[in-house]
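Here is my notebook from an afternoon of looking things up in one structure. Follow along with the model on your screen.

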Amino acid sequence: MNASSRLATAALFAATFAAQAAPVAYNIDPMHTYPSFEADHMGISTWRGKFDHTSGTVTMDREAGTGTVDIVIDMNSGDFGLDALNKVAKGKELFESAKYPKAHFKGTLEGFTDGAPTRAVGTLELHGKTNPVTLDIRKFKCIQHPMFKREDCGADVYATIDREQFGMAAGKEYGFSMAVDLRIQVEAIAVK
């Protein structure tokens, strides 16, 4: 093989590899994504709730081990399963969702093992405050979606935040823990 042929073969290989390793964009599937939370009630029980409306994008290159996450949560969609508590949570004591209608997490995917990220490191903007947050990705899998015929990726994500750092200290004087456990189920479908 002469030098010209070797260069052409190398260029073809590089172009093929680059095409295969290109980042893939995914849209969050709002029908299968529900950030949920667990919060202390005076040390005697745990309140649980979820948010019903989430949107955003993920961009990922699993071969290169890189990616980004940009997720927005509608704070007015919070649901504790009790109307009276939903109303209080959306009010001035906690979310103030009329004033702060969105929570926004933006970060990078890191710690890839066998093409799967193990954490998302970034910032969470919530209740007018922005703080660093690391999301622990405990389960991650991609499949070919049987109906959409596109790649569909899903994950179970965990984190604990201190709500006082986000300006929501309601109940602290009654012994409420400020720690809130986040439990997020998320699915995202590759953009056409």
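Predicted model: local features only at pLDDT ≥ 70, side-chain atom pairs only at ≥ 80, totals over all residues.

**Entry 1: Ala22.** I began by listing what Ala22 touches beyond its neighbours within four places in sequence, and I found contacts with Met60 and Asp61. Next I looked up a distance through space: from C-alpha to C-alpha, Ala22 and Ala64 are 8.6 Å apart, although 42 residues separate them in sequence. Is Ala22 buried or exposed, or something in between? Its relative accessibility is 34%, so Ala22 counts as partly exposed.

**Entry 2: His127.** I then turned to another loop residue, His127, which I found between β8 (119–126) and β9 (129–144). Its relative accessible area is 9%, and because buried means under 20%, His127 is buried. Who surrounds His127, apart from its neighbours within four places in sequence? I wrote down Leu94, Phe95, Glu96, Tyr100, Phe166, Gly167 and Met168 as its contacts. I marked Glu96 in that list, as its side chain makes a polar contact of 2.7 Å with the side chain of His127.

**Entry 3: strand β2 and its partners.** Which strands pair with β2 (residues 34–41)? I found β11 (179–190), joined to β2 by six bridges and running antiparallel to it. I also found β3 (residues 45–51), again antiparallel and again with six bridges. To see the pairing up close, I picked one residue for each partner. Ala39 faces Val180 in β11, and Asp40 has Thr46 of β3 as its bridge partner. I followed the chain from β2 into β3 and met a hairpin with three residues between the strands. In that turn, Met42 has a positive phi of about 55°.

Entry 4: Which strand gives the largest share of the lining? I found that β10 (151–162) does, with five residues. Sorted by class, the lining has five nonpolar, three polar and five charged residues.

Methods:
Residues numbered from 1 in each chain as written. Heavy atoms only, no water. Helix = DSSP H or I, 4+ residues; strand = E, 2+ residues; numbered from the N terminus. Buried < 20%, exposed > 50% of the residue type's maximum accessible area, 1.4 Å probe, protein only. Polar contact = N/O pair within 3.5 Å; in protein donor to acceptor, adjacent residues only side chain to side chain. Contact = heavy atoms within 4.5 Å. Nonpolar A, V, L, I, M, F, W, Y, C, P; charged D, E, K, R; others polar. Pairing = 2+ DSSP bridges.
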